[in-house]
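Subject: Structure for your review

Hello,

Here is the structure I said I would pass on. My notes on the helices follow below it.

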Amino acid sequence: MPAIERPPQPCPRGLDAAGKRLWKRITERWVLDGREAELLEAACRQSDDNRRLERQLESADVLVTGSAGQTRVNPLMAELRSGRVVVEKLLNALSLPPAEDEAPRTNKRQQLRVQKRHWSA
């Protein structure tokens, strides 16, 4: 049976390059419901924020002088690390099954939950 062509889900307004890439990568493979689209949009916007932080860090020192004159890690590093965690959590909340060309990254319980959700819809 040939694949059914479907129009791609439109990219939300205001996304930058990183967010658009993530949106396209996900929506080319899966059709999202409203809740999933909101989660993906939040992940895309955070990806854009992360990219802006990365650009700032490219021209900044990793170590900076703190308020008491001590050497400390640039606070942008912690912000970027936190942003990456947020993107990961948002994408995991989508509970999308792995693509056919990717190895599953879920345990058996997660796989069963995804299958049950998928088939009950």
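In this predicted model, the axes of helix H1 (residues 17-27) and helix H2 (residues 34-58) cross at roughly 145° and come within 7 Å. The crossing of H1 past H2 is right-handed. On the H1 side, the residues that meet H2 are Ala17, Ala18, Gly19, Leu22, Trp23, Ile26 and Thr27. Their partners in H2 are Ala37, Leu40, Glu41, Ala43, Cys44, Ser47, Asp48 and Arg51. By type, the residues of this contact comprise 9 nonpolar, 3 polar and 3 charged.

Lys20 also lies in H1. With a relative accessible area of 44%, Lys20 is partly exposed. Apart from its neighbours within four places in sequence, Lys20 is in contact with Cys11 and Leu15.

Helix H3 (residues 75-93) has 19 residues. From first C-alpha to last, H3 reaches 27 Å, close to the 27 Å expected at 1.5 Å a residue. Which residues of H3 are buried? They are Leu80, Gly83, Val87 and Leu90. Viewed down the axis of H3, these buried residues fall within an arc of 85°, so they line one face of the helix. The buried residues of H3 pack against H2, while Arg81, Lys89 and Asn92 are exposed on the other side of H3.

Regards

Notes. Residues numbered from 1 in each chain as written. Predicted model: local features only at pLDDT ≥ 70, side-chain atom pairs only at ≥ 80, totals over all residues. Heavy atoms only, no water. Axes fitted to C-alpha atoms, helices over the stretch in contact; angles between N-to-C directions. Helix = DSSP H or I, 4+ residues; strand = E, 2+ residues; numbered from the N terminus. Left-handed = near helix turned anticlockwise from the far one by under 90°. Contact = heavy atoms within 4.5 Å. Nonpolar A, V, L, I, M, F, W, Y, C, P; charged D, E, K, R; others polar. Expected span 1.5 Å × (residues − 1). Buried < 20%, exposed > 50% of the residue type's maximum accessible area, 1.4 Å probe, protein only. Arc of directions from axis to C-beta.
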